Amino acid sequence: ALELQPGCLWWPGFLDRAAQEALLADVRTALAAAPLFTPSMPRTGQPFSVRMSNFGPLGWVSDEAGYRYQSFHPDTRAPWPAMPEALIAAWRALAGDDAPPPEAGLINWYEPGTRMGLHQDRDERDLTAPVLSLSLGDTAVFRIGGAQRRDPTRSIRLASGDALLLSGPSRLAFHGVDRIIPGTSTLIGPPGRFNLTLRRVTPP
Ligand code: MD3
Ligand code: FE
């Protein structure tokens with residue numbers, strides 16, 4: 001892996017094409033049961049441009065009431081689909097055999113033109129556990145900095161099959177997605193990108 005900064009490890013091409021296709025099939029199966037929803041900003045209700053769903057016992061949601069993890073889909077109220085075995089295997093391989101299993105598998109869908117502003121992930125009760133990201137489809141221009149918003153940032157291109165592990169000093173790094181580059185992958189069909197992030201939410 002490449003260490004972009006302390007605690008931020010990048011595996012370009014971690015998933016080969018067959019593994020990407022298999023994982024995309026798992027995403028499609030999950031979305032048939034738990035369709036993409038449009039999260040909105042706490043208080044203002046302003047919609048996000050990224051659409052989302054989740055795998056696993058807990059899913060991240062956001063609406064006027066706030067950001068939180070909950071066990072059911074905000075629209076259908078059905079429990080989230082199970083975490084696919086391939087995601088659990090990737091977590092074990094990269095976070096380590098001793099890491100407690102992930103509880104939340106957030107699915108982010110970016111159409112071209114979609115961005116995600118610079119933010120920290122701090123809605124998890126266990127902020128000591130790592131976060132693992134897997135990218136499928138079109139390349140994203142991803143930006144990461146330090147634990148303070150004013151810290152300098154660097155930008156990398158996350159391509160289909162890439163894995164990124166955030167732990168230790170990078171767990172509270174500010175990060176975001178500046179843009180999606182359409183036409184950079186043939187995996188999905190329509191232009192766009194799925195990002196899957198696996199997280200531990202509660203202390204083990
Ligand atoms: C750095 N997702 O879901 S993945 C998110 O591409 C999120 O969809 C982006 O930021 C995406 O919250 C970035 C890479 C990533 C994920 C979690 C992190 C980077 C991170 C947590 C802490 C620091
Ligand atoms: Fe994030």
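Figure 1. A residue is called buried when its relative accessible area is under 20%. Val-131 has 5% relative accessibility, so it counts as buried. The structure shown here and in the other views is a predicted model. Val-131 is found in strand β8. Leaving out residues up to four places away in sequence, Val-131 touches Leu-164, Leu-165, Leu-166, Arg-171, Thr-197, Leu-198 and Arg-199. Ser-71 lies 60 residues from Val-131 in sequence, and the two C-alpha atoms are 19 Å apart in space.

**Figure 2. The iron ion (ligand 2) and its donor residues.** Three residues coordinate the iron ion (ligand 2) at 2.0 to 2.2 Å: His-119 through NE2, Asp-121 through OD and His-175 through NE2. Along the sequence, these donor residues follow the spacing H-x1-D-x53-H. Asp-121 and His-175 link distant parts of the chain, being 54 residues apart. Asp-121 belongs to the loop between β7 and β8, whereas His-175 belongs to strand β12. Asp-121 has a relative accessible area of 11% and is therefore buried. His-175 also counts as buried, because its relative accessibility is 16%.

**Figure 3. The open sheet β7-β12-β9-β10.** The view shows an open sheet of 4 strands in the order β7-β12-β9-β10, with antiparallel pairing. β7 (116-119) and β10 (154-158) are at the edges; each has a single partner strand, so one side of each lacks a neighbour in the sheet. From one strand to the next, the twist averages 25°. Between strand β9 (residues 139-144) and β10 there are 5 bridges, in the antiparallel sense. In one of these pairings, Ile-144 has Arg-154 in β10 as its bridge partner. Strands of a sheet pair through backbone hydrogen bonds, in parallel or antiparallel fashion.

**Figure 4. Strand β3 and its partner β6.** β3 runs antiparallel to strand β6 (residues 104-110), and 5 bridges join the two. Within this pairing, Arg-51 stands opposite Trp-109 in β6. Arg-51 is partly exposed, with a relative accessible area of 30%. Arg-51 also forms a salt bridge with Glu-111, in which the closest N and O atoms are 3.9 Å apart. This pair links distant parts of the chain, 60 residues apart: Arg-51 is in strand β3 and Glu-111 is in the loop between β6 and β7. Glu-111 is partly exposed, at a relative accessible area of 39%.

**Figure 5. The nonpolar cores.** In soluble globular proteins, nonpolar side chains tend to be buried together. The largest nonpolar core in this model has 29 residues. Met-52, Phe-142, Ile-156, Leu-164 and Val-177 have the most contacts inside this core. Two or more core residues come from each of β2 (8-11), β4 (59-63), β6, β9, β10, β11 (163-166) and β12 (175-181). A second, separate core has 26 residues, among them Leu-15, Ala-30, Ala-90 and Ile-188.

Figure 6. Arg-17 and Glu-21 form a salt bridge, with 2.9 Å between the closest N and O atoms. The two residues are 4 apart in helix α1 (residues 17-33), so about one helical turn separates them. Arg-17 is partly exposed at 39% relative accessibility, and Glu-21 is partly exposed at 42%. Side chains of opposite charge can pair when their charged atoms come close.

**Figure 7. A network of salt bridges.** The whole structure has 8 salt bridges. Asp-121, Glu-124, Arg-171 and Arg-199 are linked in a network of salt bridges. In one of these bridges, the side chains of Glu-124 and Arg-171 meet at 2.8 Å, N to O. This pair links distant parts of the chain, 47 residues apart: Glu-124 is in the loop between β7 and β8, and Arg-171 is in the loop between β11 and β12. Both Glu-124 and Arg-171 are buried. Asp-121, another member of the network, is also a donor to the iron ion (ligand 2). Arg-171 and Arg-199, also in the network, are both touched by Val-131.

Definitions and conventions
Residues numbered from 1 in each chain as written. Chains lettered and ligands numbered in written order. Predicted model: local features only at pLDDT ≥ 70, side-chain atom pairs only at ≥ 80, totals over all residues. Heavy atoms only, no water. Pairing = 2+ DSSP bridges. Axes fitted to C-alpha atoms, helices over the stretch in contact; angles between N-to-C directions. Core = buried A, V, L, I, M, F, W, Y, C linked by side-chain atoms within 4.5 Å. Buried < 20%, exposed > 50% of the residue type's maximum accessible area, 1.4 Å probe, protein only. Donors = N, O, S within 2.8 Å, 3.2 Å for Na, K, Ca; no water. Salt bridge = Lys/Arg side-chain N within 4 Å of Asp/Glu carboxyl O. Contact = heavy atoms within 4.5 Å.
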